[in-house]
Amino acid sequence: MGVHRRGHRQYEGPRTPERWRFWILARFAFRQVFHSRLLVIFYVLCFVPTLVSLAGVYLSHNIDVLMSLFPRAARNMPNDFELLPVTATFFLTLMSIQASLSVFVTALVGPGLVSPDLTNNALPLFLSRPFSRVEYVLGKFSVLFVLLSLITGAPMLLIYIMKSSLAGLGWFIDNLDLAFAILVGSVVWVTLIALVSLASSAWVRWKPAAAGMMFALFFIPAGFGQAANEIMLTSWGTLLNSIVVIGTLWSSLFYMDDPAGYAAAARDLNPVNFADPIPAWSAWLMVAAVCAASLFMLNRKIRAHEVVR
Amino acid sequence: MTPAIELDNLSVLFNGRPILKDLNGSFSGRAIGLLGPNGAGKSTLIQTLLGFHPPTMGSAKVLGLDVRTHIREIRHNIGYMPENDSYITAMPGIRLVRMMAELSGLPPADALERAHETLFHLGLGEARYRDVGTYSLGMKQMAKLAVAIVHGPRLLILDEPTNGLDAHGRKRMLEIIREIRGNGDTQIILCSHLLRDVEECCDEVMILKDGRLVQYCNLEAERQTNRKFIQMETRGETGVFLNQIAQLGCELAVNGSRKLKMILPQTVEVRDLYRIASETGVQIRRLDFKRDSLQDIFLKAMETTNGSS
């Protein structure tokens with residue numbers, strides 16, 4: 001019978017498992033997100049640094065190819081020349097580049113995730129189903145988590161794997177701490193930025209304002225922190241500078257076994273007029289506090305309806 | 001039939017302020033009307049049944065399942081059409097309805113098929129690929145109904161379904177509600193301030209006032225009872241006619257020579273009156289069933305200042 005001839009009837013068929021139902025939201029959101037041509041173009045451009053790095057790593061191990069292209073330069077090249085040394089510093093630099101790009105992706109995608117549902121009062125439709133508030137947030141979070149992981153952690157792990165395949169099993173084993181740092185560092189970063197974005201999308205319903213708020217959260221508190229440092233002659237105000245905080249956190253991961261490297265990285269991150277960089281534990285605490293605050297804000301807003309008190 | 005809702009001393013408080021007070025009762029009609037003035041607690045009751053508010057005291061069961069402990073199972077079996085605008089504007093109707101079906105646990109293929117069926121059934125077949133934001137008010141109401149029924153719920157909760165509809169749209173909406181009720185598989189809770197809508201669709205009515213259940217009325221039983229109370233106007237000599245009617249066991253009250261009021265016993269039908277009138281040469285010029293309209297019932301309930309359940 002044609003669908004247009006059928007009336008209302010009960011559904012007797014099988015049901016999908018509840019465990020993965022949050023993914024339905026993500027599936028539908030991806031289609032919506034990639035409708036934007038601007039986002040697609042920008043998202044593709046986000047892979048350029050990774051591709052350049054991959055090419056650099058490949059050429060480092062196939063230096064003959066490079067030398068055949070530049071024979072004069074090859075003659076002056078030292079024997080231990082390495083085109084692109086794959087070290088903690090390399091990954092930390094690449095992580096910073098990719099993370100900066102991910103802020104723009106978040107600003108383009110994040111505001112469209114929660115605010116339209118709140119503006120259109122769509123939450124009762126979701127939450128009157130066998131679908132909890134936690135699953136709703138998880139579904140929206142997973143959209144950003146997947147998109148951002150694909151341009152931060154995933155390409156860096158790809159570089160790590162490629163380097164391992166070129167340098168051998170010994171390099172892979174010796175540098176497992178780098179893989180760990182990439183994995184944890186990118187997960188922490190993506191979780192932080194995704195939760196902040198969802199929270200601002202829930203509280204600021206006008207999409208351009210929510211996108212602007214993402215950037216404001218990076219720079220305005222940093223200004224206050226700087227002022228606090230100047231006035232109170234302390235360095236704790238730096239905790240409001242999210243770039244320094246996340247940089248410190250990544251440094252603590254990438255230079256886990258290299259205190260001198262960590263100290264140098266921390267000095268580079270901090271403003272020149274402060275002698276003491278913030279300790280790594282305070283950066284971890286700050287990130288945890290921001291994530292908790294974002295979850296609290298989401299908890300206040302993601303409700304089937306607002307109780308009039 | 002399983003009771004759609006069972007309330008046992010149900011009370012709901014917001015910030016210590018009682019919104020629902022000691023509601024009791026078991027309602028198993030195919031279509032249950034929920035009436036009451038603004039602020040009576042109708043929406044709070046619906047939201048409690050949907051698990052949006054936990055009961056503060058007492059308990060509520062939906063389809064035999066406790067809202068505190070089995071809310072996910074309840075939501076599998078419920079379809080909810082909210083009163084306010086509630087949809088995702090930047091999404092085609094078919095995708096919205098399909099997503100909601102999937103969130104209710106239908107596999108993607110079944111969800112898509114049922115979304116097409118439902119939209120065709122509700123008259124949105126031609127508009128199903130258009131964004132919901134471009135729909136007229138009537139179409140949006142139908143889209144909300146589609147979202148509520150796409151997964152074939154056992155209990156359908158409709159909050160002001162005819163809000164903002166023109167005469168044609170209202171007629172169509174009520175036809176669909178009656179059709180769903182007539183299928184026999186789905187029970188309906190219809191919350192409306194339009195007494196006519198409730199009267200046309202429901203067979204049980206609960207009236208709330210100040211958070212209390214002030215009146216329960218089985219409209220079907222009421223209709224049956226009222227059918228036996230008759231007012232009549234006659235022409236001609238009524239002596240023999242009245243005698244014969246009295247012999248049938250009718251209670252009579254004569255008002256003047258032409259106007260009669262009578263209560264028929266269960267065994268006597270109206271056609272018996274016509275037969276006797278014909279045999280005794282009396283003309284029946286007018287015959288009315290006295291009917292206590294829902295409006296009368298509602299107004300009586302509203303006059304109850306200290307209503308009790």
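1. Of the 309 residues in chain A, 47% are buried. The model is a predicted one, and the values below should be read as computed from it.

2. The secondary structure of chain A consists of 16 helices and zero strands. Its C-alpha trace extends over about 80 × 60 × 35 Å along the principal axes. Among contacts in chain A with a separation of 6 or more, 79% are between residues 24 or more positions apart.

3. The accessible surface of chain A amounts to about 15,600 Å². Carbon and sulfur atoms contribute 69% of that surface.

4. A nonpolar patch on the surface is formed by I41(A), L45(A), V48(A) and V52(A), which together have about 360 Å² of accessible area. V48(A) is located in helix α3 of chain A.

5. A helix pair in chain A deserves a separate point. Two packed helices are described by the angle between their axes and the distance between the axes. For helix α6 (residues 88-109) and helix α13 (residues 207-232) of chain A, the axes come within 7 Å and cross at roughly 145°. On the α6(A) side, V103(A), F104(A), T106(A) and A107(A) take part, and they meet A211(A), M214(A), F215(A) and F218(A) of α13(A). By class, this contact comprises seven nonpolar residues, one polar residue and no charged residues.

6. Helix α7 of chain A covers residues 111-119. Its buried residues are P111(A), L113(A), V114(A), S115(A), D117(A) and L118(A). After α7(A) comes N121(A), which has a positive phi near 55°.

7. In chain B, L208(B) belongs to strand β9 (residues 204-209). Is L208(B) buried or exposed? The relative accessible area of L208(B) is 0%, so L208(B) counts as buried, the limit being under 20%.

8. Leaving aside residues up to four places away in sequence, L208(B) touches L23(B), L34(B), L35(B), G36(B), P37(B), A40(B), G41(B), K42(B), L45(B), L213(B), V214(B) and M302(B). P55(B) is 153 residues from L208(B) along the chain, and the C-alpha atoms of the two are separated by 17 Å.

Terms used: Residues are numbered from 1 along each chain as its sequence is written. Chains are lettered from A and ligands numbered from 1 in the order in which they are written. This is a predicted model: local features need pLDDT of at least 70, side-chain atom pairs count only at pLDDT 80 or more; totals for chains, interfaces and linings use all residues. Side-chain values use heavy atoms; hydrogens and water are left out. Patches are made of residues with over 30% relative accessible area and no salt bridge: like charges are joined within 9 Å, nonpolar side chains (Val, Leu, Ile, Met, Phe, Trp, Tyr) within 5 Å. Accessible areas come from the Shrake-Rupley method with a 1.4 Å probe; for residues, only the protein chains shown count as cover. A salt bridge is a side-chain nitrogen of Lys or Arg within 4 Å of a carboxyl oxygen of Asp or Glu. Helices (H or I, at least four residues) and strands (E, at least two) are DSSP runs, numbered from the N terminus. Axes are lines fitted to C-alpha atoms, for helices over the stretch in contact, and angles run from 0 to 180 degrees between N-to-C directions. Contact means heavy atoms within 4.5 Å. Ala, Val, Leu, Ile, Met, Phe, Trp, Tyr, Cys and Pro count as nonpolar, Asp, Glu, Lys and Arg as charged, and the others, Gly among them, as polar. Buried means under 20% relative accessible area, exposed over 50%, partly exposed in between (1.4 Å probe, protein chains only).
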